[in-house]
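Please look at the sequence and the structure shown here, and read the report beside them.

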Amino acid sequence: MNDRRTGGPAAEITAEYAKQDAERALGFWIYLMSDAVIFALLFGTYAVMVTRTVGEPSGHALFHLTHTFIETILLLLSSVTFGFATAAVTAGRRNEVLAWLLATFILGTGFIGMELSEFHGMVAQGAGPDRSGFLSSFFTLVGTHGLHVSMGLIWIAILWVQVLVRGLTPFAASRLYRLGLFWHFLDIVWIGIFSVVYLPGLR
Amino acid sequence: MQESPDAAKHTMKPYLIGFGLAVLLTVIPFELVATKALSRTSTMIVIAILALAQGAVHLHYFLHLDLKSASRERLVVLMFAAAVVLLMAGGTLWIMADLNYRMGM
């Protein structure tokens, strides 16, 4: 890997890599859109199941507005800090990239922590995914999003170490770009979740 | 190297604008639900409109999607996904609502 960062051959490899980079980005975008279809169907399922509470608690009794609001702000802030990391990649500042990625990781971990505590609280009061059609679809939709965010966190950690050890190579920059697409995409899905699940459930 | 600070500032700006707009488009629906200022139906309509608006804000300021040629391919894929979603999710809701009606639920 070292010879790719220094000397003459590096520039050639970089130019070639940049060409493939656009194709990789489009391919990743196609993956994201197919993921969006999965989420849309989970939203559709939720919309059908939301009234099927069969005597078990509904969203009104289970959701907390402030909790969801803080989750929303955490994820939004993490999207912005990732944007700053992207800006730092453009400016070629390795340490800033590492700092903003760390901030994104902490905010994302905070979001997942809050989600897990919500899930745990619901299961503890007897409102687990096995209790009603509503709760099954709720845990499937919100849990699938949470799983995506968790995967994103692992991805951030891996790239953080990569940038720390190898520096801001074209390879790392390219991977960070696609990770950014993934992370911003998950924040858009969350807009759907608080607008379809939490806010209607609480009003 | 002198261009670096400007370059960083320049590329950070859209994220800050996007953040400001996103906060606004988040606080309004949460406030409406907290205060119950509007009827349930009106609140739902406002939530739907602001969610779409915030989605557009994220696409533009965070994912840099616009009508320029560079992102044209992505826009086409997005539109295709939207059509699939409309057919599959929209169709699901239509059929299930119709079943509910016919079964008198």
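Two residues are said to be in contact if their C-beta atoms, placed from the backbone, lie within 7 Å. By this criterion, 55% of the contacts in chain B between residues at least 6 apart in sequence join residues at least 24 apart, while in chain A residues 24 or more positions apart account for 81% of the contacts with a separation of 6 or more.

This is a predicted model, in which local features need pLDDT of at least 70 and side-chain atom pairs count only at pLDDT 80 or more, whereas totals for chains, interfaces and linings use all residues. Residues are numbered from 1 along each chain as its sequence is written, and chains are lettered from A and ligands numbered from 1 in the order in which they are written.

The table sets the chains side by side, with helices (H or I, at least four residues) and strands (E, at least two) taken as DSSP runs numbered from the N terminus, and with a residue called buried if 20 or more other C-beta atoms, placed from the backbone, lie within 10 Å of its own.

| Chain | Elements | Buried residues |
|---|---|---|
| Chain A | 6 helices, 0 strands | 36% of 203 residues |
| Chain B | 3 helices, 0 strands | 19% of 105 residues |

The C-alpha trace of chain A spans about 70 × 30 × 25 Å along its principal axes.

Where the chains meet, 36 residues of chain B are in contact with 37 residues of chain A. Helices H1 (3-35), H2 (40-62) and H3 (72-102) of chain B each supply at least two residues of the side that touches chain A, and H1(B) gives the most, with 13 residues.

Key
A residue is buried if 20 or more other C-beta atoms lie within 10 Å of its own, exposed if 12 or fewer, and partly exposed in between; C-beta atoms are placed from the backbone.
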